[in-house]
Amino acid sequence: MLFNSFEFLLFFVIVTVLYFSLAQKFRWILLLAASYYFYMSWKAEYIVLLLFTTAVSYYMSILMENAENLKKRRFLLIISLIVNLGVLFFFKYFNFLNDTARDVLNTFSIDYQYEGLNILLPLGISFYTFQTIGYNLDVFYSVRKPERHFGIFALYVSFFPQLIAGPIERSQSLIPQFYEKHKINRTRIYQGLKLMLWGFFKKLVIADRLVPLVAEGFDNVNSYGGATILVSTFLFAIQLYADFSAYSEIAKGVAKILGYDLMDNFNHPFISKNITEFWRRWHISLSFWLRDYLYTPILFARKKWGKWAIVYALLITFLLVGIWHGTKITFVFLGLLQAFALIYEMFTKKWRQTIANKMPKFLYNGVSMAITFLYILYSFSFFRSNSLEDSILITQALFTSLFDINDLMVYISELDNIRFIFTISLTLLFLITDIWVFRQIKKENDTRFILYILYPLILGSILLFGYFGEVEFIYFKF
Amino acid sequence: MKIIGNITLFCFSTVFLYLILIFSLSNINYKGRPLIYITNNYYVVKGGDTYFKFAEFDSQAEYDYIFLGTSRAYRGYDPRIFANHGYNTFNLGTGGQSIDNTYLIIKNLINGNNTECLIIDLYPNAFYARPAESSLDLIANVSSHELAMDILLNEKDPRHVNAFFSRLSILDQAPFYNDSDYVEKGFCTSNETLRPYWLEKLNSGELEDDTSTLSLEKLEILHEIIEYCDEQSIRLLFTIAPTSDFYPDKQHAYFLQQLKLIENRNTPLLDYSKKLKLSTHKMFYDGSHMNYSGVKLFNEKLIEDLKSGI
């Protein structure tokens with residue numbers, strides 16, 4: 001069930017009404033049932049995996065708490081990690097590894113014909129797996145005690161607003177909220193609806209409209225030069241941001257209406273002045289998760305290496321980030337580009353600060369933002385590109401034919417000139433106003449202009465310009 | 001009270017701004033077409049064969065046969081050929097016409113006074129779940145506002161709301177294009193033989209293998225059509241017009257299996273799918289549609305069968 005569907009809106013209204021009608025002690029049952037129903041509406045049998053992950057994480061944590069010594073605790077943690085990551089690994093990489101093995105073996109004339117399994121990647125598996133791993137690690141490091149109420153824990157793992165694509169919530173933040181009594185709160189409902197409204201606008205009017213424009217460029221890299229590739233990449237960056245942040249905002253809005261606070265997952269990442277800042281603004285819940293559960297432990301284990309420990313930890317972390325995205329080699333390049341940039345920034349921090357002190361602030365910040373943005377665009381091209389070969393063509397095009405404007409005119413005419421101009425205008429308007437609109441949404445009280453002009457205009461635009469062909473959110477694939 | 005006031009004003013503002021936007025985009029033209037067609041790629045332009053056939057259709061006249069169905073209907077049944085045999089007919093087939101839209105057209109325009117017999121051409125894609133193409137086309141182009149409204153209410157999709165209000169915004173504007181294939185009385189045709197793209201596919205053996213599942217909910221509508229015709233004392237026939245080599249036997253077998261749900265309703269189903277053995281090269285211009293040579297052969301055969309008392 002997609003957020004951008006009538007089925008979901010109906011589902012949410014029913015759940016909300018029932019939620020506030022029920023006594024506090026029964027609400028977790030309703031939310032858990034609703035969350036499982038939400039998940040099963042996609043593919044019912046995969047609920048078994050969700051339950052399995054939940055059960056393993058729950059019981060391993062209880063056992064860890066009761067373990068006699070550190071060695072046994074570590075053993076139980078490792079079991080939990082192997083099981084949870086094993087499931088994730090199996091669904092994401094089994095067929096890829098099987099195909100690779102087949103190619104290699106056949107190359108050496110060893111007969112191996114097994115075609116692999118016809119399996120779909122379970123929706124949200126990465127997100128709920130990360131959430132349970134984080135929980136188990138928190139229990140292991142005694143950051144928190146294990147949750148004893150299995151139902152509440154199951155709800156933490158499966159809470160429907162954030163189940164499929166995050167934000168990845170920490171147990172210390174979300175679980176206590178399930179014990180709090182939430183009354184109907186007008187302010188929260190109002191703010192939740194505003195978040196959902198802006199999320200739907202970003203998804204239906206901006207992100208989904210950009211799909212054919214992006215596809216035209218990336219699916220025909222042979223035919224286009226650097227200028228077109230740059231435009232397509234720019235549009236893809238906007239599409240990805242709008243799509244992903246839309247999901248997070250709708251999730252936050254839905255949870256807020258029910259009385260729950262989810263963390264912010266995006267903070268206008270394209271105004272970042274460097275990649276370090278970018279990763280504090282983009283997919284915040286994931287980057288904090290990586291920092292706390294992957295980067296920091298690796299760094300700590302190699303702390304004797306000094307600065308090289310940081311280099312090592314960054315490379316490993318972002319290599320794994322790339323691999324997590326999928327089996328295409330381009331995702332590995334995506335990850336490594338982030339690592340290289342962060343390593344560069346670490347080694348050049350003082351030098352850059354020296355330059356910053358010598359330049360007018362607005363100039364330094366402007367140039368920094370531009371360079372950071374272009375770097376992000378380039379690395380995102382690896383995300384979207386269909387193959388490594390295409391990525392190489394993209395790189396060549398960007399550096400050899402960036403100013404081929406005729407080519408750009410061909411691209412625009414393929415998409416229909418006026419429709420292209422309209423979509424670009426809408427996209428640029430969105431980019432310019434995103435920060436300001438988001439500020440309005442966060443306010444508890446709105447001016448009449450905002451309430452009676454801006455929000456109705458946004459809603460009217462969703463109805464009029466929204467793409468209702470039910471395009472999935474991009475990060476559903478992960 | 002304040003909250004109710006705010007909500008009311010918010011809703012009013014939304015509707016007002018929405019209507020202003022729709023009206024403006026529908027009435028500002030660029031290169032001969034309203035901007036709304038340009039800013040939204042799901043719009044069906046006012047005009048074409050659907051517009052002209054519904055404008056031409058006279059619900060007060062008396063027809064011996066009315067044809068309904070998908071594009072295979074409006075390109076498969078020529079009223080002129082039926083006229084040569086003394087029948088007054090009209091073709092209300094439209095592109096991708098879903099069976100629920102067929103039913104709505106029947107309820108709005110067809111009755112026992114104006115129609116002797118309904119012939120509904122059946123094809124799998126009339127029974128798929130989401131027929132946005134058909135509904136948008138009809139909302140934009142049928143002459144009856146009531147029919148357009150019924151189609152809108154049958155869909156749960158904001159695009160159709162937009163299409164309806166846009167329709168109202170350009171009532172006084174002439175249709176924006178003509179369909180060069182349109183002949184008369186709802187019929188369209190082409191004299192081409194198989195187009196190069198399809199010829200290449202045929203020669204390379206790349207036949208379509210459509211494994212889409214038919215919607216049970218839509219199949220059930222056939223019962224409602226049968227009941228309506230019974231009430232109105234309209235004779236009803238289902239037909240399957242000739243198909244090309246691109247239409248797999250396996251898909252046809254599956255389709256016939258699904259149609260068994262109306263087996264006990266005593267409504268004849270005339271299956272000409274492979275009966276006439278029409279040459280795909282010579283009698284079709286693409287994978288689904290007969291050219292005029294094919295239509296002539298098919299219609300003569302159909303008339304012969306109708307006269308023999310089916």
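A polar contact is a pair of N or O atoms within 3.5 Å; within protein, one must be able to donate a hydrogen and the other to accept it. In this predicted model, four residue pairs are in polar contact between chain B and chain A, with both residues of each pair at pLDDT 80 or more.

Now look at the whole contact. Chain B brings 27 residues and chain A brings 20 residues. The size of an interface is often given as the accessible area lost when the parts come together. Here, the area buried between chain B and chain A is about 2,200 Å². Carbon and sulfur atoms give 71% of that area. Three residues, F10(B), I38(B) and P158(B), supply 23% of the area that chain B buries against chain A, more than any other three residues.

Next, stay on chain B's side of the contact. Helices α1 (2-27), α2 (35-39) and α9 (158-169) of chain B each give two or more residues. The largest share, eleven residues, comes from α1(B). By class, this side has 16 nonpolar, seven polar and four charged residues.

Turn to the sheet of chain B. Five strands form an open sheet in the order β4-β3-β5-β8-β9, with parallel pairing. Its edge strands are β4 (89-91) and β9 (269-271), and each pairs on one side only. From one strand to the next, the twist averages 20°. Three bridges join β8(B), residues 235-240, to β9(B). T239(B) stands opposite L270(B) in β9(B).

Finally, find helix α6(B), residues 99-109. This helix lies across β3(B) and β5(B), running at about 170° to β5(B).

How values were computed: Residues are numbered from 1 along each chain as its sequence is written. Chains are lettered from A and ligands numbered from 1 in the order in which they are written. This is a predicted model: local features need pLDDT of at least 70, side-chain atom pairs count only at pLDDT 80 or more; totals for chains, interfaces and linings use all residues. Side-chain values use heavy atoms; hydrogens and water are left out. Contact means heavy atoms within 4.5 Å. Buried area is the accessible area (1.4 Å probe) that two parts lose on being put together, summed over both. A polar contact is a pair of N or O atoms within 3.5 Å; within protein, one must be able to donate a hydrogen and the other to accept it, and residues adjacent in sequence count only if both atoms are side-chain atoms. Helices (H or I, at least four residues) and strands (E, at least two) are DSSP runs, numbered from the N terminus. Ala, Val, Leu, Ile, Met, Phe, Trp, Tyr, Cys and Pro count as nonpolar, Asp, Glu, Lys and Arg as charged, and the others, Gly among them, as polar. Two strands pair if DSSP finds at least two bridges between them. Axes are lines fitted to C-alpha atoms, for helices over the stretch in contact, and angles run from 0 to 180 degrees between N-to-C directions.
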